[in-house]
Amino acid sequence: MDNPENESTPETVPEEAATETAPEEKKICMDTVCRILDSFPSRSRQFLLPLLSKIQNEFRYLPEEVIELVMRELKITRAEIFGVISFYHQYRMSEPGKYIYRLCYGTACFVKGAPIMAEKLKEKYNIGQGETDATKLFTLEFASCLGNCGAAPMAIIGDDSYGNIDPEKTIPICENYSL
Ligand code: FES
């Protein structure tokens, strides 16, 4: 490292994340969905949000066939469930890239260069908020605050946290990740 004080600091090593299961290897298992449904006291719509969150934690997004099943089980309409999904930005309707790139866009990170980082990601991978690059390596999501403003600008890539990022190193950091 040329200048350790300015170097972005991975809190965990990217190699660990590189061993994650590739998204395409994750099959939609309806038994798993049923098990998740059964983990709630009843098929009541009052559990819709935690149910969707659990499903997304499992599959990384909300597959169409799973949504259909939830609609039937909770007896809710398509309009109702899609109303909820589109209102809460954390839900994804399409399969994300292998790594979720969470770029902090809170005030401290914004001032310290988050927009420059976003610009570099756009140039290199052609992704904006909520978008996945053509190779399905990264899905970019903006966060309102990642809870470590003293280390702004912050980003979390997969399971790795980076702080004090030099915006000019945005792409070199990404190059630690591959499909
Ligand atoms: S504003 Fe980025 S970590 Fe708080």
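Predicted model: local features only at pLDDT ≥ 70, side-chain atom pairs only at ≥ 80, totals over all residues.
Author: Let's start with a term: an axis here is a line fitted to C-alpha atoms, for helices over the stretch in contact, and angles run from 0 to 180 degrees between N-to-C directions. Residues are numbered from 1 along each chain as its sequence is written.

Reader: Thanks! What describes the packing of helix H2 and helix H3?

Author: Two packed helices are described by the angle between their axes and the distance between the axes. For H2 (residues 30-38) and H3 (residues 48-59), the angle is about 145° and the axes are 10 Å apart. The names follow DSSP runs, numbered from the N terminus: helices are H or I with at least four residues, strands are E with at least two.

Reader: Is the crossing of H2 and H3 left-handed or right-handed?

Author: H2 passes H3 in a right-handed crossing. The near helix is turned from the far one by less than a right angle, clockwise for right-handed and anticlockwise for left-handed.

Reader: Which residues meet where H2 and H3 pack?

Author: From H2 come Thr32, Val33 and Ile36, and they meet Leu51, Lys54, Ile55 and Glu58 of H3. The contact divides into 4 nonpolar, 1 polar and 2 charged residues. Nonpolar covers Ala, Val, Leu, Ile, Met, Phe, Trp, Tyr, Cys and Pro, charged covers Asp, Glu, Lys and Arg, and the others, Gly among them, are polar. Being in contact means that the C-beta atoms of two residues, placed from the backbone, lie within 7 Å.

Reader: Why does Ile127 count as buried?

Author: Ile127 has 21 C-beta neighbours inside 10 Å, so it counts as buried. The cut-offs are 20 or more other C-beta atoms within 10 Å for buried, 12 or fewer for exposed, and anything in between for partly exposed, with C-beta atoms placed from the backbone. Ile127 is in the loop between H7 and S3. Setting aside residues up to four places away in sequence, Ile127 touches Leu121, Lys122, Thr132, Asp133, Phe138 and Leu140.

Reader: And what makes Phe142 partly exposed?

Author: Phe142 has 18 C-beta neighbours inside 10 Å, and therefore counts as partly exposed. Phe142 lies in strand S3, and its contacts, leaving out residues up to four places away in sequence, are Leu103, Tyr105 and Gln129. Phe142 and Gln129 are 13 residues apart in sequence, with their C-alpha atoms 6.1 Å apart.

Reader: Which residues touch the most other members of the largest nonpolar core?

Author: Among the 22 residues of that core, they are Tyr101, Leu103, Cys104, Met154 and Ala155. At least two residues each come from strand S2 (99-104), helix H7 (114-125), strand S3 (138-143) and strand S4 (155-157). H7 gives the largest share, 5 residues. A second, separate core of 8 residues includes Val33, Leu52, Ile55 and Val66. A nonpolar core is a set of buried Ala, Val, Leu, Ile, Met, Phe, Trp, Tyr and Cys residues joined through C-beta atoms within 7 Å.

Reader: Where is the cis peptide bond?

Author: The bond from Ala152 to Pro153 is cis, with omega near -5°. Pro153 is found in the loop between S3 and S4.
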